[in-house]
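Notebook open, structure loaded. I'm jotting down what I look up as I go, in plain words.

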Amino acid sequence: KLLDGLPVAGLNGSVKILYNDIELKSVDLRSSSEAEIPEAATGRYKVLVFIAGKLFEEKIIDVTTSSNTYVVQLSVLSSISIRLLDASGNSIQGGDLEAVVTDPLGRVQRSSLSGGLLTLQYAPLGSYELSIRNTRWELQLGSYSFSSYSANVSRGIDVPTNLAKTIVKVRASGSQTLPKDSYILLKYSGIVIFAERLGEERTGVLVELDYLPLGATLQLTFSCGSYTQEEVLRVTNRENLIEIQLYDVKLSIVDLDKKPVKGCDMNITSKYFNYSLKLDGSDVLLKNLPLTDTKVSVKCSGIEVLRAVLTPEELRRKNATLVAHMGDVRVYVRSWFNRPITGASVKVTVATPSGGAEYLAYTDQGGFASVKDVPLPPTANATLTVSFKGMTYERSLDISTQYHDVFLDILIDTPIFVLSLSQTIAVVTFSLVLIVAAVLAYMRMARIKSLKELFEEPLGEIKGREEGVRARLKRFFSKKEEESEEEQFFGI
């Protein structure tokens, strides 16, 4: 009989009964569990038990006249139930798990752990070796041992292991989602145990791996485009969190007046990516930026107004404001007596090695003009030109100053023409000269007329007219003397 009292029939073994080292009987236990020896002599009999062709144990039976029936109990149990426990004390089960058991006789039994319970039929007492392997990965996960030395083990044996059901959570450290087309790869002992490419943005990836030994090393590789991050983690009986160093960064580009920049081209580059976009005046949300130095360049009308580098520390803050070297140039145009000039053309010309541009505005009734969104990089040469009705003012522009006061030498402003102070003085002087010349000309003409009248009048008889001529000559020279005094008065 077996150790638990059940018949031994069905066991892959045999029994030999010897008396004085002479074999009397051989029994095949696969078909029978009894042996009858007729006319058996009293004395000591030796019973040799063979299992699977190997001598398992030897029994001695003393045969006497008091009994003719003897029971030989083998050190074999009809079955043993083995329950494998993980590191948390829970039953191990899985369709990809296989248990390989070697009994005390060296027999090997393979069983799936899909049901979570391992049953050994006709289990001899002794020490057992057990190993667990993952058939899908073709990996041995661990080796363990247990013993059965009494009939009490028939109720079952719990075998503790160091295996744990591993869960790995992958998420972005500073981004709301992992980007589309991200690739996640997990290896254990050089064998790929998980691989997935994301078909869409995901807030995170939860990887539920099968049982692995506690403390085992896993290699995780995350890649997206040219960016790759590798992590090494240890298997625990808790959730393993892997944070991918990707960050969502809100970038604000403002001008020197703290106004959002729009209509300019922005380029963002690092060793992992190259983005280009058109600024529309709103904040720029850059998603899934790797933690590395990131270059930002902004060009307006082909002129670079911003060049900056965002460091990993700045990216971690997830908010950055960059100031572009551009803004409004405000100009006040005035004339003499601080009178504002309306309708003057104000032009700002900017020249850089990479290109140039012109910007135009006109003064309002108050004499002010605001030239909008002028690139003012530190290395640029800027020129301010103000024109009004043929008068032009030009000078180099100090790009560190956005307010400029321009004086135009305009003293007289009419709808038809304008005159500067010097021009006004010249016109007045010329007019006075013309007036004086006209007066002198008139006086000379009057004198000539007087002489002409004097000599053209008939004298008549000399005697009768002598005193009349003398009187006329006297008036003529008196008048000439007055004209001489007038000429001295005018300085001519």
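**Entry 1: around Ser111**

I started with the neighbours of Ser111, leaving out residues up to four places away in sequence: Ser111 touches Leu97, Glu98, Ala99 and Leu118. Contact here means heavy atoms within 4.5 Å. A note on what I'm looking at: this is a predicted model, where local features need pLDDT of at least 70, side-chain atom pairs count only at pLDDT 80 or more, and totals for chains, interfaces and linings use all residues. Residues are numbered from 1 along each chain as its sequence is written, and side-chain values use heavy atoms, with hydrogens and water left out.

Ser111 sits in strand β7, residues 108-113. Strands are DSSP runs of E with at least two residues, helices are runs of H or I with at least four, and both are numbered from the N terminus.

Is Ser111 buried or exposed? I got a relative accessible area of 15%, so Ser111 is buried. The cut-offs are under 20% for buried, over 50% for exposed and partly exposed in between, using a 1.4 Å probe and protein chains only.

I also found a polar contact of 3.4 Å between the side chains of Ser111 and Gln109. That term means a pair of N or O atoms within 3.5 Å; within protein, one must be able to donate a hydrogen and the other to accept it, and residues adjacent in sequence count only if both atoms are side-chain atoms.

**Entry 2: the cores**

Which residues have the most contacts inside the largest nonpolar core? I noted Val168, Leu186 and Leu218, in a core of 51 residues. A nonpolar core is a set of buried Ala, Val, Leu, Ile, Met, Phe, Trp, Tyr and Cys residues joined through side-chain atoms within 4.5 Å. There's a second, separate core of 27 residues, and Ala344 and Leu397 are among its members.

**Entry 3: the disulfide**

I searched the whole structure and got one disulfide. The term covers a pair of cysteine sulfur atoms within 2.5 Å. The pair is Cys264 and Cys300, with sulfur atoms 1.8 Å apart. Cys264 is in strand β19 (residues 262-269) and Cys300 in strand β22 (residues 294-300), so I wrote down a link between distant parts of the chain, 36 residues apart. The S-S torsion is about 105°, so this disulfide is right-handed. Both Cys264 and Cys300 are buried.

Next I followed β22 onward. Seven bridges join β22 to strand β23 (residues 303-310), and the two run antiparallel. Strands pair if DSSP finds at least two bridges between them. Thr294 has Leu310 in β23 as its bridge partner.

**Entry 4: aromatic pairs**

How many aromatic pairs does a search of the whole structure find? I got six. Rings of Phe, Tyr and Trp (its six-membered ring) pair if their centres lie within 6.5 Å; planes under 30 degrees apart are stacked, over 60 edge-to-face, and the rest tilted.

Tyr128 is buried at 1% relative accessible area, and Phe146 is buried at 7%.

Then I checked Trp336 and Phe407, whose centres are 5.3 Å apart with planes at 85°, so that pair is edge-to-face. Trp336 is partly exposed at 28%, and Phe407 is partly exposed at 32%.
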